[in-house]
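Reader: I'd like to go through the annotated site of this protein with you before I set anything up. Could you show me the model and then take my questions as they come?

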Amino acid sequence: MGYPDQRFDVNLSILFTELPLVERPAAAAAAGFTAVELWWPWIETPTPEQAQLDALKKALDEAGTQLVGLNFYAGQLPGPDRGALSVPGTESDRFRANIEVAADFAASVGCTALNALYGNRVDGVDPAAQDELALENLVLAARAAARIGAVLLIETLNAPESPRYPLVSAPAGVEVVDKVNAATGLGNAKFLLDLYHLSMNGEDLSQVIKAYAGRTGHVQIADNPGRGAPGTGSLPLERLLDELAEAGYDGWVGLEYKPGDRPSAESFGWLPAEARAAH
């Protein structure tokens, strides 16, 4: 047990950001990793030019890196936004325009997990109306994911850093997962269990793992406090990942931490080089 038994991937939207997008897969490969994930890389547009999509696919292929997770369009992320699908008007329209684009790109690179960030509450809009819109859009996203043999991920964030995001507990995230699965009958909506966000919310992480490991489609980690690499804070991440494995989770663990004031490649000292490639 321990870190060497996990299947790690590197989130290229928070690590290696000192490099242009198309250079990051090769940098991850040079650090020993063979799997990566991404937030939606083109924050200005849900429908980038085909040439941009092709360039990213080429970069992934040439580096020998497998894309194992991709966010749908989520607005300005990083930035003030936390998703688009529950935000009425232009942002919801942009999310819908992105659904098939993201699914088709994921299919082209063999990615089988698509993450749909819920979106912040909006002043003057009834939360129930936002939730209704969210369910409509999540149903569309779940169907698109199912078309390419992928799961749809629903993520819980944390209240201190995302005070307007409504899904700030594991039960809140899983409740949306259940609503989507009930609406589609597909069963492909899963929980994205982020140990950093859940710890920031003060949740009992061992209890969350026991309750929801079987509903979890992806895991992400960073230490707390600071959202740095494992070992920079006080979370017992190695033990928690062992608990996930014991509870039956055998999927990917995304490294979604900030490298601090050093190059990203220098932030992996906690993980033996031989444990970095997918296995």
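**The annotated site**

Author: In the UniProt record, which is an unreviewed entry, the feature "active site" is placed at Glu155 and Glu256. Please keep in mind that what you are looking at is a predicted model.

Reader: Okay, and where does Glu155 sit, and is Glu155 buried or exposed?

Author: Glu155 lies in strand β5, which covers residues 151–155, and with a relative accessibility of 4% Glu155 counts as buried, because the cut-off for that class is under 20%.

Reader: Which side chain does the side chain of Glu155 make a polar contact with?

Author: That partner is the side chain of Asn115, at 3.0 Å. Setting aside residues up to four places away in sequence, Glu155 touches several others, including Tyr165, Asp194, His197 and Glu256.

Reader: Switching to Glu256, which segment is it in, and what is its relative accessibility?

Author: Glu256 is found in the segment that follows β8 (252–255), and its relative accessibility is 3%, so Glu256 counts as buried.

Reader: And what does Glu256 contact?

Author: Leaving out neighbours within four places in sequence, the contacts of Glu256 include Asn11, Glu37, Glu155, Gln220 and Arg227.

Definitions and conventions:
Residues numbered from 1 in each chain as written. Predicted model: local features only at pLDDT ≥ 70, side-chain atom pairs only at ≥ 80, totals over all residues. Heavy atoms only, no water. UniProt positions renumbered as here; feature names shortened; annotations may be inferred. Helix = DSSP H or I, 4+ residues; strand = E, 2+ residues; numbered from the N terminus. Buried < 20%, exposed > 50% of the residue type's maximum accessible area, 1.4 Å probe, protein only. Contact = heavy atoms within 4.5 Å. Polar contact = N/O pair within 3.5 Å; in protein donor to acceptor, adjacent residues only side chain to side chain.
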